[in-house]
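Work through the exercises below with the model open. Try each task before reading its solution.

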Amino acid sequence: MKSLTRLRHLAAIAAASLLFLTAHAADTIKVGEFACLTGKDATFGQSQHKGILLALEELNAAGGVLGRKIEVISEDNQSKSGESATVAKKLLSRDKVIAILGEVTSGRTLEVAPLAQSAKIPLIASGATNPAVTQKGDYVFRVCFIDDFQGTVMAKFARDTLQLKRVAILSSVSSAQSVGLAKYFRERFTSASTVIAAEQKYSEGEKDFRAQLTAIKAAGADGIFAEAVHTLEDYKAFSSAIGDVPLLANITEFGATPLFNKQELGAVGCSMVLYPLSAFRAANKHTVYGKSISIRHLNAQDVYRVR
C-alpha cells in the first residue's frame with residue numbers, strides 16, 4: 001500500500017512538473033523598449049518603435065526564440081530628460097525584462113545605461129552615437145555608427161568634395177549627440193588650409209536662429225555644420241539668413257516625408273547637403289546593407305531596422 005501511495009505521489013509530482021514546464025514554455029520572453037513616442041523627438045521614437053515591431057513580427061513568425069514568442073513592452077519617455085530612467089526602472093523591476101532596446105538619442109540612453117549595467121541586463125541602443133554610451137559597461141551596446149565616424153566623414157566630405165575652407169558649427173548646448181559630433185567635426189576639419197570660422201550654440205526647442213546665423217554670416221563662413229536640426233520646419237528658420245551657403249546636416253524626417261529632395265529644400269531657399277546615412281528614399285525596392293527591402297520596411301524606418 002505504501003508503495004502504491006508513494007507511486008501516486010510521484011505521479012502527481014510528475015504531472016504538476018509537466019504542467020509547470022508546459023506553462024513555462026508557453027510564456028513569452030519579455031523585452032523592454034523605451035522611446036520618444038511623443039514630444040519633440042517623436043518622429044525618431046516612432047521610427048525605432050515601428051522597426052522593432054517589424055522585427056518582432058518576423059522573429060515570432062519564424063518560431064520565436066527557443067520555442068517561445070518575444071513580447072515587447074514599450075514605454076514612452078515623452079522626449080523628456082529624466083523620464084527614460086523612470087520608465088527603465090519599471091521595465092527592470094516590475095516587468096522583469098531580459099533586455100532593453102533604445103534609445104535614439106545619446107543623452108536619454110546615457111540615463112539608462114548605468115541602470116542596465118547595474119542590473120546586468122543588456123541595453124541595445126538604436127541611434128545613440130556618443131562614444132560614452134558603450135563606455136558605461138559591458139552590458140551596453142549599440143547598432144549605429146558613432147560620433148567619431150560621422151564627424152570624420154562629414155569633415156572629409158566638406159573639405160575634399162565641397163572644397164569648403166571656412167565652416168561654422170552650430171550645435172545644441174544640451175544634446176550629447178550634437179556636442180559629440182561638433183567635437184569630432186572640429187578636430188577632423190581643422191588643418192593648415194581649413195578652419196572653423198565660428199561656433200554658435202542654441203538651446204533645445206529653440207526655433208529662432210537669426211542671432212547665431214547673423215554671427216556666422218559675419219564670420220565669412222562658406223558652410224555650416226548643424227547636426228541636431230532635423231525637420232523641414234526647422235530648416236525654414238535658416239532660409240532667410242544663410243542664402244546659398246551649404247548646410248551639412250541630418251536632413252531626415254521620419255514622417256510623411258522620408259527624405260527632403262532638392263526641390264523641397266530649394267522651396268525654402270536652402271542649399272543643403274545630406275548626411276551619409278540619410279540617403280533613403282521610398283521606392284519599390286532598395287538594397288541597404290546588402291538586403292533587398294520593400295516600402296514596408298522603409299515605412300518601418302529603415303535606419304533602425306535594416307542592419
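This is a predicted model: local features need pLDDT of at least 70, side-chain atom pairs count only at pLDDT 80 or more; totals for chains, interfaces and linings use all residues.

Residues are numbered from 1 along each chain as its sequence is written, and side-chain values use heavy atoms, without hydrogens and water.

**Exercise 1.** State how many helices and strands the protein has, and what share of its residues is buried.

Solution. Start with the elements: ten helices and twelve strands. Both are DSSP runs numbered from the N terminus (helices H or I, at least four residues; strands E, at least two). Then take burial: 45% of the 307 residues are buried. Buried means under 20% relative accessible area and exposed over 50%, with partly exposed in between (1.4 Å probe, protein chains only).

**Exercise 2.** Sort the residues of helix α7 (residues 210–218) into buried and exposed.

Solution. First, the buried ones: Gln212, Leu213 and Ile216. They lie on the same side of α7 because they cover an arc of only 95° around the axis. That arc is taken from the directions from the helix axis to the C-beta atoms. Next, the face turned away carries exposed Arg210, Ala211, Thr214, Lys217 and Ala218. Finally, look just past α7: Gly220 has a positive phi of about 75°.

**Exercise 3.** Describe how the rings of Phe185 and Phe189 pair.

Solution. The structure holds three aromatic pairs. Phe185 and Phe189 form a stacked one, 5.5 Å centre to centre with 10° between the planes. Rings of Phe, Tyr and Trp (its six-membered ring) pair if their centres lie within 6.5 Å; planes under 30 degrees apart count as stacked, over 60 as edge-to-face, the rest as tilted. Now place the two residues: they are four apart in helix α6 (residues 176–189), so about one helical turn separates them. Phe185 is buried at 0% relative accessible area, and Phe189 is buried at 0%.
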